[in-house]
2 protein chains.
Amino acid sequence: MDVLFRSARPYSMICFINSIRRFGMHGGLKPTLSDVAKHARVSTATVSRCLNMPDQVREETRARVEAAVAELGYTPHFGGRALASNRTNTIGAVIPTMDNAIFARGVQVLEEELSVRDITLLIATSDYDVDREKSKIRALLGRGVDGLILVGESRPPEVYDLLNANGVPFVLVWTYSGRCPYPCVGFDNRRAAYAMARHVLSLEHREVAMISGLTVWNDRASQRVQGVRKALEEHGLALPPERLVQAGYTLESAAEAAEDLVDLPTRPTAIICGNDVQAAGALKGLRRSGLRVPEDVSVTGFDDIELAHAVTPALTTVHVPHRRMGVAAADLLHRMIGGALPGEGIVFETKIVERESLARVSDE
Amino acid sequence: MDVLFRSARPYSMICFINSIRRFGMHGGLKPTLSDVAKHARVSTATVSRCLNMPDQVREETRARVEAAVAELGYTPHFGGRALASNRTNTIGAVIPTMDNAIFARGVQVLEEELSVRDITLLIATSDYDVDREKSKIRALLGRGVDGLILVGESRPPEVYDLLNANGVPFVLVWTYSGRCPYPCVGFDNRRAAYAMARHVLSLEHREVAMISGLTVWNDRASQRVQGVRKALEEHGLALPPERLVQAGYTLESAAEAAEDLVDLPTRPTAIICGNDVQAAGALKGLRRSGLRVPEDVSVTGFDDIELAHAVTPALTTVHVPHRRMGVAAADLLHRMIGGALPGEGIVFETKIVERESLARVSDE
DNA sequence: TTGTACGCGTTATCAG
DNA sequence: CTGATAACGCGTACAA
């Protein structure tokens, strides 16, 4: 254990040491570009070029500079760089939440993908709230991000005005409706939900209900509802208000929603949920109601996060290409920052993954 | 739907508009401090003071400046500010992963707490790997963060040297062993695990096994093992190698670990897990083995994330004060950045929350 | 209380 | 291929 802290010193001593360093040594605390330049006996311009366009510098000179950089332990000063180049090598992402895993995977991929390109990801959360999202976007813009990743396409026009006025490139993820004038990297939520609903119907379910996320300013949630509704209507069925309940993205609120649903005069045989968290919550609620899944009621999820196979029964759900969306979004945005036009965006296919929570309706 | 995109324009047109803006209008794209100064007929110094030390400016002057700021839509340039003040109002956090919810809640709180103080949180992930952690710390330092939040205390000395050489304040969270020379905000992992093990023993379990996280450079994991071992030894029991399996932080690897454990010649009656994700995985593995929880085997978790009550049976686990750790860490670090000495750090208590996965050993 | 003037560390534009 | 030098936007002594 002791070895871990071989370099340990009380904090006050560290401060002291640092202040020594600041004034003693070879002249100052953090080496700057011109320190490196002196050390390598070249101009600051050359050092800068070594860092940013290495191939425009003669091999030998570059070697000398690199040696100096290494010896001095030089790191470029972020502020200076941002000021002079008017770029931060930072892109921002505003996601609804980190509390569940829905966006976590995608963000992780995004971060990896961007860090390869030597750019940093700044993550902010909106808690599924438009106003908070706007203020986070403002904050990110204020920090001079070079680009932005946002979730979904439906937000007040003034937010898009803010974005456009600033002239930062941005891409919208987790959505691709075909109607959006901005570059999207995602999938068609409506179509995916439609497919799931048809699958449910193909298993003879006729009494189907839905637990949806809040649909205000949330195109993913509302399009999923639309998809389900369309499938039902094609079968001559409806999704009446009492069969569609909006719930928060927590286990408990979905659990309560499920309890309400099965208390209805004619109990649904299947509950389609807007996402896996809600489906897991529904499972919980149904258990509390003494109902078995899928024997008494079937449940489906959406997103295919790890939770989907952690619960019992494991969720039949819609698989979403988290990883591929992440890399595609990173790639597109990076190109846009480089000046490329966004083009058409990218659509991915989703697919239904069958596990245990959905079964053919029992014919008792 | 159409209303959403009232401000929609094709991307190429946006670029065009922006370039108009750049050259037309009142002289330039983004207003600067001196634009504001001109507009308010004061000096740049006064504008700067209005922003940073408002009470040193006469009421009336300030009003004029604020009006100008509003009218021009001025936002301070991040780079310029960082360069001149040598502060970024940014703190960095390196956490093991965002893939599960273990750290998500704490980070979210941290972010909220810091954004109140008008400082931005920069999140990076290490994937439970020391080298990656070091490189992330480097990257964060390179971006001039004013402070750092790190998880756990056990890391190679050179990392602490790097930190100290840079002179950035940092605080360690999720840990508080009492032995660490750096400021910690957390709880005693060893003690918490010890308490859980004693609880298990009090329910007559004598054949207990453990699924632990990887303990290399992970003080949380290794201290939890120590705690369990200590409790067992006090009862004259041991935790032999075959009863202690290290698994990754995924459902599947913990599931396999559990399957192995119950295949042992004498089957454990209780499996203590290093965290909730692993406990959920264990549940899965036991189900595959055809064993009932808790009737055949009891399982306990650690951390009390939402997953703990999403699974069936709900996990008996150790509750950790995610939120309070987040605010305390934010507060302490903020004070340290302001120049305060770190003091003693902060310890929180944990407590066992009893749910369904742990039962008295059945006396068949 | 306010203004002047300089410096922060880098990049970029020119000549050479 | 390299070097001088002028921005870049802001904070802050210092002077008024």
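I started with DNA strand D and found 26 residues around it, the closest being A:A45, A:T61, B:L33, B:H77 and B:G80. Here "near" means that a residue's C-beta atom, placed from the backbone, lies within 6 Å of the molecule or strand. I looked up which elements give two or more residues to this surface: α3 (44-52) and α5 (78-85) of chain A, plus α3 (44-52) and α5 (78-85) of chain B. Helices (H or I, at least four residues) and strands (E, at least two) are DSSP runs, numbered from the N terminus. The largest share, 6 residues, comes from α3(B).

Housekeeping: this is a predicted model, where local features need pLDDT of at least 70 and side-chain atom pairs count only at pLDDT 80 or more, while totals for chains, interfaces and linings use all residues. Residues are numbered from 1 along each chain as its sequence is written, and chains are lettered from A and ligands numbered from 1 in the order in which they are written.

For the classes, Ala, Val, Leu, Ile, Met, Phe, Trp, Tyr, Cys and Pro count as nonpolar, Asp, Glu, Lys and Arg as charged, and the others, Gly among them, as polar.

Next, DNA strand C. It has 26 residues around it, and A:L33, A:H77, A:G80, A:A84 and B:T61 come nearest. Two or more residues each come from α2 (33-40), α3 and α5 of chain A and from α3 and α5 of chain B. This surface has 11 nonpolar, 13 polar and 2 charged residues.

**The two chains together**

I put chain A on chain B: a rotation of 180° with 0.0 Å of shift along its axis does it, with an RMSD of 0.1 Å. The two copies are therefore related as by a two-fold rotation axis.

The contact takes 53 residues from chain A and 52 from chain B; two residues are in contact if their C-beta atoms, placed from the backbone, lie within 7 Å. Among the elements of chain A that each supply at least two residues are α1 (11-23), α6 (104-116) and β2 (120-125). By class, the chain A side has 26 nonpolar, 18 polar and 9 charged residues.

**A closer look at β2(A)**

Is β2(A) buried or exposed? I found 6 of its 6 residues buried, so β2(A) is largely enclosed by the rest of the structure. Buried means 20 or more other C-beta atoms within 10 Å of a residue's own, exposed 12 or fewer, and partly exposed in between, with C-beta atoms placed from the backbone. A:T120, A:L122 and A:A124 lie on one side, and A:L121, A:I123 and A:T125 on the other. Strand β1 (90-95) of chain A pairs with β2(A) in the parallel sense over 6 bridges; strands pair if DSSP finds at least two bridges between them. A:I95 has A:T125 as its bridge partner.

**Sheets in chain B**

I traced an open sheet of 6 strands in chain B, with parallel pairing and the order β2-β1-β3-β4-β5-β11. β2 (120-125) and β11 (346-348) stand at the edges with a single partner strand each, so one side of each is left without a neighbour in the sheet.

A second open sheet in chain B has 4 strands in the order β7-β6-β8-β9, also parallel. Its edge strands are β7 (244-246) and β9 (298-300).

Note on methods
Copies are superposed by least squares on the C-alpha atoms of residues with pLDDT of at least 70 in both.
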